[in-house]
Amino acid sequence: MAPTPIVFVTDDDRLRDEVTGAFPSDFALHLVKDSREATDLMRSIRPALVIAEIRTGSAGAVGLARDMSQDPKLANTPMLMLLERPQDEWLARVAGARLIRTRPVAIERLVQDVRSLTSAKTAS
């Protein structure tokens, strides 16, 4: 079976280094630095999940969520949004994040969340 494609949007080099190699081989993790790059990639690979930081690149996760909701091919792709502060949770919910975590998040917890969200998507 082919690995499940996941798009991870972050411009944080330390976080990129942390997740590189940390995800199990049943996931194909695609790291991008901003929402424009993510949108272009998502149109070609159709990921099972997007993980995005709220403040990434030019439009951030909120702008990316808005763009995804307007694209019929991406509208049903779940997003796990990473926040820098808990006060932004309402913004993430309004944007349509399926799951929200405040950083720092243990990589093991992130992998559990990804498994949960991707299995829910494939079951529906």
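Okay, surface first: the protein chain exposes about 6700 Å², worked out by the Shrake-Rupley method with a 1.4 Å probe, where only the protein chains shown count as cover for residues. Carbon and sulfur atoms supply 49% of that area.

Keep in mind that this is a predicted model, where local features need pLDDT of at least 70, side-chain atom pairs count only at pLDDT 80 or more, and totals for chains, interfaces and linings use all residues. Numbering starts from 1 along each chain as its sequence is written, and side-chain values use heavy atoms, with hydrogens and water left out.

Now the inside. Of the 124 residues, 42% count as buried, meaning under 20% relative accessible area (1.4 Å probe, protein chains only).

What about the fold? We have five helices and five strands, taken as DSSP runs (H or I, at least four residues, for helices; E, at least two, for strands) numbered from the N terminus. From that end, the order is β-α-β-α-β-α-β-α-β-α.

Next, the cores. A nonpolar core is a set of buried Ala, Val, Leu, Ile, Met, Phe, Trp, Tyr and Cys residues joined through side-chain atoms within 4.5 Å. The largest has 19 residues, and Val9, Met42, Val50, Leu64, Met79 and Met81 touch the most other members.

Conventions: Buried means under 20% relative accessible area, exposed over 50%, partly exposed in between (1.4 Å probe, protein chains only).
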